[in-house]
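Q: I am new to this structure and would like a close look at a single part of it. Please take me through that part carefully, and then connect it with what else can be said.

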Amino acid sequence: MAVGMQTQWSENTMKKIILGCAIVAIAGYLSVVGYIYHFDQQRQPPLAGNTISTILTRHGCDYCHTASAELPFYARLPISRQLMQYDIKTGLRHFSLAPTLTALQQGGAVAETDLAKLESVLQYRQMPPVRYKALHWAGELDDANRQTLLAWIRQQRTQYYTLPGTPAALLGQALQPLPKALPTDAHKVALGFRLFHDPRLSADNSISCAHCHMLGAGGVDARVTSLGVNGQQGPINAPTVFNAVFNIAQFWDGRAHDLQEQAGGPPLNPIEMASTSWQQIIDKLDQDAQLKADFRRVYADGFSASNITNAIAEFEKTLLTPDSPFDRFLAGDRQALTAQQKRGYQLFRDHKCGTCHTGVNLGGQSYEIMGLKADYFADRGNPTTADLGRYNVTKRDADRHRFKTPTLRNVALTAPYFHDGSVTTLHQAVRDMLKYQVGTTLPESDVDDLVALLEAMTGTYTPAALTVR
């Protein structure tokens, strides 16, 4: 009997000890979390008095999505330090908030893709992660703050990314239809058309801009990589020239700021058009009396590298392909897409494709990591210098394997796909994007639906009327 009582006493004692430990642990947890909540709430935003900056900072978004945030005291503690380091590394890989905070401080425009990514996580309530909220009670956005941020995103788009003539119903929307045309100088356009098709820009008079950017074939040459003078093979797939005016920069790595700077690259590239200097090109053009006279009527100082590239860029502003079924759908024509294409559009939204392929050009607005969810280059093998992408320009480790997101407009016409031209079909391109960028696989019927949507993004090119003085 004494043994039984002793056993009962031991069991009761153990339960009390366990309960006491649990109470102490809960009290400790609540104390720590309470202090963290107070700490986060007292943080000063980068821009005092700015509501958006305050919301983003008070909720700790900058902890994981910038490299410069002043981290809280617990970021130095064991376990917590490792967890936060992992969150910061992962967070920065997916999205950097720093440019947004800088834009807020300077009173400028936030990048379209940054707005799209912020909007997506707000609408789908994906941020912050559950694990983060377990420790950071202040990390949870209430509905009022969420709606404030969403309204600000729409205001940013309306203020900075609205083209003339945009219907009121589309103001503030992420995806926009292409305009029919942009303002251009008709005389410069006419000269640019002639220069775009003029092989005298190449060393041996064999290759023009149109050689790699065929206007009757989606603005590309349908090759894995283009061929230059003497059959030299380029290192990277030629992107389409159609709608390129809407890109934030030109080339896959963004090394040219605009169309004019881009137009100056290939003529002097030793693998492409291989001219040794602009003077070599000008000397040849100068022998064409008619072109010389026409050119001087538009550019008083005649041929120069700046004037030649300016004319080509002005022509390229006319290379628009509006009036795709998808454009008509965005503009309000609910019958413009088939039932299958509408299913594809829902999948497009569900899998956040529009966070990178956004804006009027459905892409071209940011540099994204190729292989965000799986290692594309390890699977493909045979790495090249071109695979480094944006890093070749900036030399920043964070830019390794980042490429300017290609437009989805006319994508059904521009195979092979990706910077390396490694994929020949649109179906495989979709599968690869789902695997490497989204981190998922879908049934083949869903892939078919997405491809059907992409086919609906093919627009119509109408050549500009050419005027010569």
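A: Ala-222 is found in the loop that runs between helix H10 (209-212) and helix H11 (259-263), and in this predicted model Ala-222 has a positive phi of about 65° although it is not a glycine.

From loops we can turn to helices. Two packed helices are described by the angle between their axes and the distance between the axes. For helix H12 (residues 278-285) and helix H14 (residues 305-316), the angle is about 75° and the axes lie 10 Å apart. Since angles of 65 to 115 degrees count as roughly perpendicular, H12 and H14 are therefore roughly perpendicular to each other. On the H12 side the contact is made by Trp-278, Ile-282 and Leu-285, while H14 contributes Ala-305, Ile-308 and Thr-309. Sorted by class, this contact of H12 with H14 has 5 nonpolar residues, 1 polar residue and no charged ones.

There is also open space to consider. The second largest pocket holds about 840 Å³ of space, and its lining is made up of 35 residues, with Ser-96, Tyr-367, Ala-398, Asp-399 and Arg-402 lying nearest the centre. Helix H4 (80-94), helix H5 (98-106), helix H6 (112-123), strand S1 (367-369) and helix H17 (376-380) are the elements that each give two or more residues to this lining, and H4 gives the most, with 4 residues. By class, the lining of the second largest pocket divides into 14 nonpolar, 9 polar and 12 charged residues.

Methods: Residues are numbered from 1 along each chain as its sequence is written. This is a predicted model: local features need pLDDT of at least 70, side-chain atom pairs count only at pLDDT 80 or more; totals for chains, interfaces and linings use all residues. Side-chain values use heavy atoms; hydrogens and water are left out. On a 1 Å grid over the protein atoms alone, a cavity is a set of points where a 1.4 Å probe fits but cannot get out, and a pocket is an open set with protein on both sides within 12 Å along at least five of seven lines; lining residues have an atom within 4 Å of a point. Grid points are joined across faces, edges and corners, and a volume is the space filled by probe spheres set on the points. Ala, Val, Leu, Ile, Met, Phe, Trp, Tyr, Cys and Pro count as nonpolar, Asp, Glu, Lys and Arg as charged, and the others, Gly among them, as polar. Axes are lines fitted to C-alpha atoms, for helices over the stretch in contact, and angles run from 0 to 180 degrees between N-to-C directions. Angles under 35 degrees count as roughly parallel, over 145 as roughly antiparallel, 65 to 115 as roughly perpendicular and the rest as oblique. Contact means heavy atoms within 4.5 Å.
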